[in-house]
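Here's a quick briefing to read with the model open beside you. Have a look at the fold, then work through the notes by topic.

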Amino acid sequence: MLRIVCALSCVAALAAAMPAHAAYPDKPIRMIIPLAAGSSVDNAARVLAKKMAENMGASIVIENIPGASGQIGAGQVARAAPDGYTLGGFNDSIMTMLPNIQARLPWDILKDFEPVSLVATIEWGLVASPKTPYHSAADLIKAAKAHPGAINYGSGGVGSPQHIAMELFDSEAGIKMRHVPYKGASQAAVGIAGNEVSVGFQGLAAATGLVEGGKLRLIGVTTPQRMPQFPDVPTVSESGLKGFKFNSWFTIVAPAGTPKPIVDRLNAEIVKALKDPEVIERYKHYGLTPRGSTAQELGTDTRTQLARYHKLIKDAGIQPR
């Protein structure tokens, strides 16, 4: 009897000594997307979360918290308990553009978040309202040079990827268009489709449905070569602005201090999901290129991109607010 009691005591002590993350996950995981529903990151996150949930036998709940160019939702991730049950699905606007635009943020991208993985890069396109006369980047550049400041373009907000992409385009083309910021990327896409503004850059994950439905005209892609999904659409580089290219990120991060075993588990599950044929096909359809980087690689890439966009934003004359 004494041996049984001792054995039970040892088991209880061992269980008490086991880290809380040994059984992870044993409740739903919340993935905060600080961007509007229907955005490129939102679409990519939903495909990934569905497959990860199936593989992990756990529920992953997507919660969109847009506003202030992603500041609000990102702040909720930063303040969450570092236990693996709150994750952030961020783009590189939040990771590397916003910190260069906002003089003061309530969080620090390098100190308040734990990198998990660069899940995918989002390929981009130059889109126009079907009511405009623009059918190529060359058409747009010619019109903008003839009428400086007269053409409106829409973005997801000051410092958003749509804004940065067009500033880069303007700078390299030697033109100037009028910026009209919306509350999010999907709202900007709808604004272009409704001819509230004439043109804009959009992540293809968000714009593909509107392009296929005839609501947007895709007049160029920002990849080095034409995309198999849109073989008749020229690259911006070949149709008006040689050498131009642009893409953005879909990343997963966790609150700073999240235990390494949990980060490693999440990273492994992301890599596993990205190898699934259904996920690969969905990402291809959306214009996404799967990456599945390590946490360390995402940390390094974030620092590099922060420095790159610091220079671009400064050269474009975009002032910190």
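Start in the middle: the largest nonpolar core has 86 residues, and L48, F169, M177, F250 and Y283 touch the most other members. A nonpolar core here is a set of buried Ala, Val, Leu, Ile, Met, Phe, Trp, Tyr and Cys residues joined through side-chain atoms within 4.5 Å. Buried means under 20% relative accessible area, exposed over 50%, and partly exposed in between, using a 1.4 Å probe and protein chains only.

This is a predicted model, with local features needing pLDDT of at least 70 and side-chain atom pairs counting only at pLDDT 80 or more, while totals for chains, interfaces and linings use all residues. Residues are numbered from 1 along each chain as its sequence is written, and side-chain values use heavy atoms, with hydrogens and water left out.

- Leaving aside neighbours within four places in sequence, F169 is in contact (heavy atoms within 4.5 Å) with L126, A137, L140, I141, I175, M177, F201, V236, L241 and F244.
- There's also a second, separate core of 15 residues, with L204, A207, V211 and L218 among them.
- In soluble globular proteins, nonpolar side chains tend to be buried together.

- Helices (H or I, at least four residues) and strands (E, at least two) are DSSP runs, numbered from the N terminus.
- Helix 6 (residues 161-173) has 11 of its 13 residues buried, so it is largely enclosed by the rest of the structure.
- F169 is one of those buried residues, and so are H163, E167 and D170.
- Strand 5 pairs with strand 6 (residues 178-181) in the parallel sense over 4 bridges; pairing takes at least two DSSP bridges.
- Within that pair, G154 stands opposite V180.

**Q71**
- Q71 sits in helix 3 (residues 71-79) and is buried, with a relative accessible area of 16%.
- Beyond its neighbours within four places in sequence, Q71 is in contact with L98, Q102, L105, P106 and W107.

- The peptide bond from Y24 to P25 is cis, with omega near -5°.
- You'll find P25 in the loop between helix 1 (2-17) and strand 1 (29-33).
- N195 isn't a glycine, yet it has a positive phi of about 65°.
- N195 lies in the loop between helix 7 (185-193) and strand 7 (199-203), and counts as partly exposed at 34% relative accessibility.
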